[in-house]
Structures are given as structure tokens and as C-alpha cells.
Amino acid sequence: MTPRYAMAIAGAAAMIALPFVHRDAYHLHILVLILIWSFAYTSWSIMGRFGLVSLGHGGFMGVGAYVTALLWNHLEVSPWIGIPASMAAAGVLALVVGYPCFRFRITGHYFVLVTLALSGIVLQVITATRDYTGGSLGYTPNRATGSRWLALQFDDKTTWYFIALSVWLVGLLVWRRIDRSMGRYAMEAISEDEDAAAAAGVNVTAEKLKITLISALMTAFAGALYCQYQMFISPDTVSGISVSLQMVFAAIVGGLYVSLGPTVGAVITILSAEGLRIGFGANAVGWDNLVYGVLLVLFIIFLPKGILGSVVEKVKARRMPSLKS
Amino acid sequence: MQAFLDIFDIYLLEAVINGILLGGLLALLALGLNLIFGVIDVTWICYAELVMIGMYGMYYLIQVYHLPYWAAAPLVILLVALLGAALHYLVIAPLLTAPPINQLLATGGVLFVLQSFATVAFGIDFRNVGIRLPVLAFGEMHFSYARLLSFAASLVGMIGVYLFMTRTFTGTAIRAISQDRQIMPLMGVDARRLYIITSALGGALAGLAACLLVLQYDVHPFVGLSFGPITFLICVLGGLGNFIGGFIAAFVFAEIISLGGLFSDLEWGYVLAFAFFIIMMFIRPAGLLARRR
């Protein structure tokens, strides 16, 4: 057993033990939020690390949250079916938008703006169908009358903590799996030079679609989970451009190219947002985002690899001086 | 948003003409963005937020300092032009050699900063300049003077930019640098100066748009989100950096929104425009005027 493994297992054990030792509801709530958003940010970074910068993930998240909630409220479909259905919807959306983009070599700025349009569309559709979705006022899934398990609604923070923890771990495993797969090398080749990759026998469109699909499915799942946990969703909190930007930024602040990077990003952004909210009290409206935005600009200018990414790089360089060039 | 949705009335011709009038304004917004992209190769995600700041500028100058509209407008245009130059100097210039995505995301950060700055400084209330222009009745149709004025001013602004780009030495240099970034500095052109001028010009166009938008819509910190995405779509549909393509795309979009809004809710006009955009991505991925490969 390598020290890395030992550390990972010790970390996991500590996280599982945590709610039994510390039962503060507010702290658990923050932890659950961090875990859910970490999962969302990880799903974004699966795609983002290969240069596929998508601002459409707010759209996927919105689809995930709203389809689940709408199926539950209007058709009384359990989230156990609703969540896969919402993920399927997000997947179809990802394919419909992704295919022309990848087939016709829409990259860089164009790709960002097309995906930006996607989150715009989802936001508009949610607002336009306000008879069903409650529009910009938000939407609340009905309280379960029958089984809580069937409705996936728990009042207990500890239960949610474990759900979020396991989902987050699954997210990390997916990240790792992709990191170790052939697909990663194919995607890296594509992000360097599409034509050269194609000439080397990489199916550019298929590889990109695959990674986009995985990322979109996971993001929709995160959205559905968030909806089930918070029991309230509004177009601004789960979809639209600001949510997409938030994902991008958290992933970048933490570090795109390391598996725990998005998690570190989520910890930093959520804790700082909470800290600013409490610190500034009732006058905080806007201040948290102001500091947040300034930090992000500074990060992108001075630390483009993110906090964790830079730390990892430093440690590696110290261990292997020969690599420092 | 709501204000943006109230534009349209029931008659088809009226909707078509209103679409043209809206198109003028959208074309102005798209022109500024296209200019920045074409010359500096950067997309300002925060472009609509610059317009929002300009609208607040108009509100404060007119409602708080009681300046007349015609005196406030040039000040605001100047203000937003300075803001554009500052944006370039502080954020874009350090990132010029970074991957394009980083530049784009940095301006996304500026979007957050500007939005929350407006929230902190001006509050989240809806504000308007309190100028209500009369409505022109033409037969059965009604057009507001505000919209006619914006259309005319947009056209004047666009012609002004066109003349500047083709008739002046600086404009010619800007066009040259957009064609070849590497060679122009070797020809003794100060690229940094030109970038600053272009950014200021892009900002000035945003300022002009702000002066016109404030006549029709209330301003609040998130007003940028109601026309920002549509501006990006127009630029992509016309081909990023392609001025004529952006101009045509603005009118196509405005007509779709206008006519879509005629048959049902205006939001569905937007949804229709977005859907049209996605379909166009299949047919003409590199923009309306691009040649097919």
C-alpha cells in the first residue's frame, strides 16, 4: 500500500466519521453544499481540462433540476425515475448541441459562445413556461406524502451528507478513470491539434462527444441532487450564465488538471461566499460577488493553473529537480 | 427583461418595422463586440455589463445631477470609452499571450465584478431616467420616438465607425493590425496604442448603446443579462469579427424575436431565435457569410 493510498483511505474514513463526531446542522449544511457543488465542478472540469470550455453547464444543471422536479410535481414520478430521465434529457441536449459543434470544428471562442447560448436558451425556456415552472420566482418540489425514500426527500442533514459524500467520491472516481484512459490521450491530442489527432487515427467528433456526454450527465445529476436537497430551485441558482461562469471559475481557482482541484475550488468559493455573507451581514448583497470576481480575474492573470495545481507542481518540481526546466 | 418584452404589438407590419428598429440597436451592440474581437481577438463577455454601467451613468447624470439628455450622453460615451480602455489595460493586456480561453474567462470575471459593483453601489432597484418620449401614430401603427431615435442614432454611430475605419490613418492601421498581428509591429506601428484605441472605441459604442437603451428600458444591475447573450449569438451567427455579417444577423434576429413575439409570448420569440441559432450552427457553422468548405 503506497502512502498515497493510505492517505486517501484515512481521508475517506475521517469524512465518514465526521457527522458522528460533529453534529452542527449549519456546518453539515455547508459541507453538503460544498460536496454537491464539488461534484458539479468536477463534472465541468472533466470537459474543461481538455480545452472544451463550456458555458452551457448551467443549462445542463437546470435541465437536471427542473425535469426531476416537474416530473415529481406534475406526474408524480419518483426522483428515482425522474433523475435518470432528467439526465437523459440533458444528455440529448448535449448531443444536439455538441454534434454540430464538433462535426464542424467549432472550437475556442465559438464553442464558448455557442454553449453560452445553450444556457441562455434553458434559462429562457424555464422563464417562458412559467405556468409550469414558476418562472423566475422559483419552484418547490411537493412534500412527499408517502415514503421518503421513494421521494428522495430527507430532513436529516446526516443522510444528505452521506449521499453527497458518495456522489462526490463517484465523481472523483470518474475523473480518475478518465485520467487513466486512452480517451484522455486522445482528448489531449485533440486539444493540441485537431487535424494532427485526426491524422493519427483519433475519431475527433466521437471522442469529444463522449467526454461532453459524460460531463453533461454528471452535471444534470448534480442539478437534480441540489434540487432534492434544497427543495427549492430558481432559474438563477441552477441555470443560466452566472451558474456556468461560477462552475468555470471554481474549477479554475482550484486547479483544472488535478482531480481534487474543483473540490478545492468549491471549498474556497463557498466558504468565502459564506464568510463574506456573515462578515458583511445584511449589507453583503453584492460584496461577496465583487470580491469573488476580483479574485477570479487575479487568478486567471497570475495563477492560471489554480491553487492546488500550482502547489502540486511546486512539490513535484522539488521532488524531481531534473524536471525543472 | 419585462420591459424588453413589452416592445411588440399585435399587427404584423408593425412587428416587422419594430423588428427593423430593434435590429438597429442590436447591430450597434454587435458592432462594438465584433470590433474588439476582429482587432484584438478577444471576446468581452462583460460587454453588456459595460452598457449597464453606461445606463447607470445616464440615470445619475439626468436624475441626480439634472443634466439635460444631450449633455449627459457625450459624458457617458466618454465614461464607458474610458472604462473599455481601462478594461483592456488592466485585464486583457497582461493576458495577451495567454490562451484565448483565459482572456475570455477573465472578462467573465469582470462581468461578476461589474454586476456586483452595480449591486453594491446602486442597489437592486429598477431605475429609469424619467424621460418619456411621445408615440408616433402612423395609420393604425404606433412607433415610439425612443425606438426611432435609437435606430437613427445606431445608424449614425455605425456609419461613423465605418468612416473612421476607412478614412483615417488610425482606422487604417487598426484594420491592418487585424489582418496581421505579427507584421504590423515590424512596420513601426505601436500595437499597444492601437489596442487601447480600439478598446476605447468599443467602449464608446457600448456607451452609445447605453444612452439609447436607457430611453426604452429601466436599468438594474442584471439588465445586461437580458441583451448580452443575444448580442453574442448575433456575433457568432454573423461570424465573429465579421462586421457585415453581424449587421445582417442583427436584423435577422430582431425580426425573429419581433415576429415570434407576435404569435405568442415574447420569451418564445427569444426561444425561437435561440433555436434558429442552433439550426444555423448545423447549416453554416462559421457564420452567415462564410463560404462553405
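Predicted model: local features only at pLDDT ≥ 70, side-chain atom pairs only at ≥ 80, totals over all residues.
## A walk through chains A and B

**Stop one: back into the helix.** Now extend your selection to residues 241–254 of chain A, which make up α13. This helix of 14 residues spans 20 Å from its first C-alpha to its last, close to the 20 Å expected at 1.5 Å a residue. Is α13(A) mostly covered or mostly open? Mostly covered: 14 of its 14 residues are buried.

**Stop two: a pair of helices.** Next, select residues 57–75 (α3) and 108–128 (α5) in chain A. These two helices pack at an angle of about 30°, and their axes lie 7 Å apart. To see where they meet, show side chains on the α3(A) side for A:Gly58, A:Gly59, A:Gly62, A:Val63 and A:Tyr66. Their partners in α5(A) include A:Leu118, A:Ser119 and A:Ile121, along with A:Val122, A:Leu123 and A:Ile126. Sorted by class, this contact holds seven nonpolar and four polar residues, with no charged ones.

**Stop three: across to chain B.** Finally, colour the two chains separately and look at where they touch: 40 residues of chain B are in contact with 38 residues of chain A. On the chain B side, select α5 (100–122), α10 (224–238) and α12 (266–283), each of which supplies at least two residues. Which helix gives the largest share of that side? Helix α5(B) does, with 17 residues. Colour this side of chain B by class and you will find 31 nonpolar, seven polar and two charged residues.

How values were computed. Residues numbered from 1 in each chain as written. Chains lettered and ligands numbered in written order. Axes fitted to C-alpha atoms, helices over the stretch in contact; angles between N-to-C directions. Helix = DSSP H or I, 4+ residues; strand = E, 2+ residues; numbered from the N terminus. Contact = placed C-beta atoms within 7 Å. Nonpolar A, V, L, I, M, F, W, Y, C, P; charged D, E, K, R; others polar. Expected span 1.5 Å × (residues − 1). Buried ≥ 20, exposed ≤ 12 C-beta atoms within 10 Å, placed from the backbone.
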